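Good morning, and thank you for joining. I would like to take a few minutes to walk through one model and some of its helices.

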Amino acid sequence: MTIVIGFEGSANKIGVGIVRDGVVLSNPRRTYITPPGQGFLPSETAKHHRACVISVLKEALLQAGIQPDDIDCVAFTKGPGMGAPLVAVAIVARTVAQLWKKPLLGVNHCIGHIEMGRLITGAANPTVLYVSGGNTQVISYSERRYRIFGEAIDIAVGNCLDRFARVIKISNDPSPAITLSRWQKRGSQFVELPYTVKGMDVSFSGILSYTEEMAHKMLGAGECTPEDLCFSLQETLFSMLVEVTERAMAHCGSREVLIVGGVGCNLRLQEMMEVMCQERGAKLFATDERFCIDNGAMIAQAGWEMFRSGHVTSLEDSWVTQRFRTDEVEVTWRD
């Protein structure tokens, strides 16, 4: 049996997860919550992670019922993500690995999401829609790489939703995407918004600028409600994502779609993707917020796959990077 502990802290979640041969033993996390209308700064987020990481680590070990001696490898998020939080968590992972005399392994955050999704859902070889606060990518595996078929050319869909949430003062707890999905159910009037798909890529900066400029004017004039704007924004953004995902499926001849990342737990996105999959005779795989939102178990699972195929990271190479492309990693653990 191989047991891997994973440390995740690339954004406002600090998580520690433990995985043993495809079984999640523990997966506690803490979220840095800011007041409605405010985002989270890297320095303040890193401070939060430093304050919480030891208690989360103890909780993970206690829930898993194991001791440090039982662990075979210490994995951590190498990137992409916010610089200061990444560094704060990487320092802890490096320290723990040296104290426990365990090998260290830097993991790509995006691949962590994919491997967690594959483990939980049982998807074999899906077209992956990875949607989060920092990334929007349509991905498919081929020849030892996760190939990016399309992506956001400016800001991620999660960042667009987060910034819109600040405009109308939506809570960050547990995440703006989840809160928006609850609000949109009460919306009934569709407001036409910019729709920008460029080949296999999408653009969200235009729709964000438009909604930021028009929201207060429209709400002040009584032309629509905040719920109507939530409904309209989600319908437009998610239609764009379904379109490029379907195009990637057609290119690859795929019959599976896997949605991962924090925005992936949005039920409306799952509903829209399910309709498209049914029309194509395909199957949708998705998870809930336990595994969609950033967590330590996803880093542990990707680390487990990598460690079993011979990957380790030397202490000298255990730096972090805010820019770490999904397709930079050689995927040696898949056929």
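**Helices and their contacts**

Let me begin with E246, which touches M276 and R280, leaving aside residues up to four places away in sequence. The model is a predicted one. E246 belongs to helix α7, and with a relative accessibility of 28% it counts as partly exposed. The C-alpha atom of E246 is separated by 8.9 Å from that of M273, a residue 27 residues apart from it along the chain.

I turn now to the packing of α7 against α4. Two packed helices are described by the angle between their axes and the distance between the axes. For helix α4, residues 157–167, and helix α7, residues 226–252, the angle is about 170° and the axes are 12 Å apart. Angles over 145 degrees count as roughly antiparallel, and α4 and α7 are therefore roughly antiparallel to each other. Which residues of α4 meet α7? They are V157, C160, L161 and F164, and their counterparts in α7 are L229, C230, L233, L237 and L241.

The buried residues are V157, G158, C160, L161, D162, F164, A165 and V167. Just after α4, K169 adopts a positive phi of about 60°.

My next subject is helix α3, residues 109–121. At 1.5 Å a residue, its 13 residues should span 18 Å; the end C-alpha atoms lie 19 Å apart, which agrees. At the start of α3, a side-chain oxygen of N108 comes to within 2.8 Å of the backbone nitrogen of C110. After α3 comes G122, with a positive phi near 80°.

How many of the 13 residues of α3 are buried? The count is ten, and α3 is mostly covered. Among these buried residues are H109, H113, E115, M116 and R118.

Q301 is placed in helix α10, residues 296–308. The cut-off for buried is under 20% relative accessible area, so Q301, at 2% relative accessibility, counts as buried.

That concludes my remarks. Thank you for your attention.

Key. Residues numbered from 1 in each chain as written. Predicted model: local features only at pLDDT ≥ 70, side-chain atom pairs only at ≥ 80, totals over all residues. Heavy atoms only, no water. Axes fitted to C-alpha atoms, helices over the stretch in contact; angles between N-to-C directions. Helix = DSSP H or I, 4+ residues; strand = E, 2+ residues; numbered from the N terminus. Parallel < 35°, antiparallel > 145°, perpendicular 65-115°, else oblique. Contact = heavy atoms within 4.5 Å. Expected span 1.5 Å × (residues − 1). Buried < 20%, exposed > 50% of the residue type's maximum accessible area, 1.4 Å probe, protein only. Polar contact = N/O pair within 3.5 Å; in protein donor to acceptor, adjacent residues only side chain to side chain.
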